[in-house]
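Reader: I am new to this structure. Could you show me how to read the way its parts pack together?

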Amino acid sequence: MTERLTHSVGPLLWVSLTAGIVLWGIHITGMAALSPLACEGPGAIVLHLLSVATLVPTLAAIIPAWSFWRQRERGVGGVAFLGAMGVLLNAVSALAIVAEWVPVFVLHPCTP
């Protein structure tokens with residue numbers, strides 16, 4: 001017999017599914033918005049802080065998504081599918097954040 005999804009895991013499931021996408025959007029927008037500030041003032045440290053502040057929660061969101069994905073062993077198919085999608089979306093979002101962070105190490109923020 002399959003287990004039923006309780007309402008208490010619903011919000012955590014959706015947060016683990018959407019966190020990476022939202023944080024990647026914050027990262028790409030923030031990098032564009034903070035680039036002039038990095039050029040004028042404290043340097044690239046603000047870009048590094050933004051990258052760390054968005055990468056760490058994105059990677060942390062993989063943990064509950066992974067636990068939902070593992071529920072396929074207990075026969076909860078829909079939750080397992082959403083958990084697998086959460087792992088995939090968070091991993092791709094983390095890769096996108098890292099790909100946007102690499103130029104900060106290579107290029108000077110004031111480079112036109």
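This is a predicted model: local features need pLDDT of at least 70, side-chain atom pairs count only at pLDDT 80 or more; totals for chains, interfaces and linings use all residues.

Reader: How are two packed helices described?

Author: By the angle between their axes and the distance between the axes. Helices (H or I, at least four residues) are DSSP runs numbered from the N terminus. Axes are lines fitted to C-alpha atoms over the stretch in contact, with angles from 0 to 180 degrees between N-to-C directions. Here, helix 1 and helix 2 (residues 45-60) pack at about 175°, their axes 9 Å apart. Helix 1 is therefore roughly antiparallel to helix 2 (the term applies to angles over 145 degrees).

Reader: Which residues of helix 1 and helix 2 meet?

Author: Contact means heavy atoms within 4.5 Å. Among them, G20, L23 and I26 in helix 1 meet residues of helix 2 including T54, P57 and T58.

Reader: At what angle do the axes of helix 2 and helix 3 cross?

Author: At roughly 15°, and the axes come within 4 Å. Helix 2 is therefore roughly parallel to helix 3 (angles under 35 degrees). T58, L59 and A60 of helix 2 make the contact with I62, I63 and P64 of helix 3.

Reader: Where is L107 placed?

Author: L107 is in the segment after helix 4 (77-106).

Conventions: Residues are numbered from 1 along each chain as its sequence is written. Side-chain values use heavy atoms; hydrogens and water are left out. Helices (H or I, at least four residues) and strands (E, at least two) are DSSP runs, numbered from the N terminus. Angles under 35 degrees count as roughly parallel, over 145 as roughly antiparallel, 65 to 115 as roughly perpendicular and the rest as oblique.
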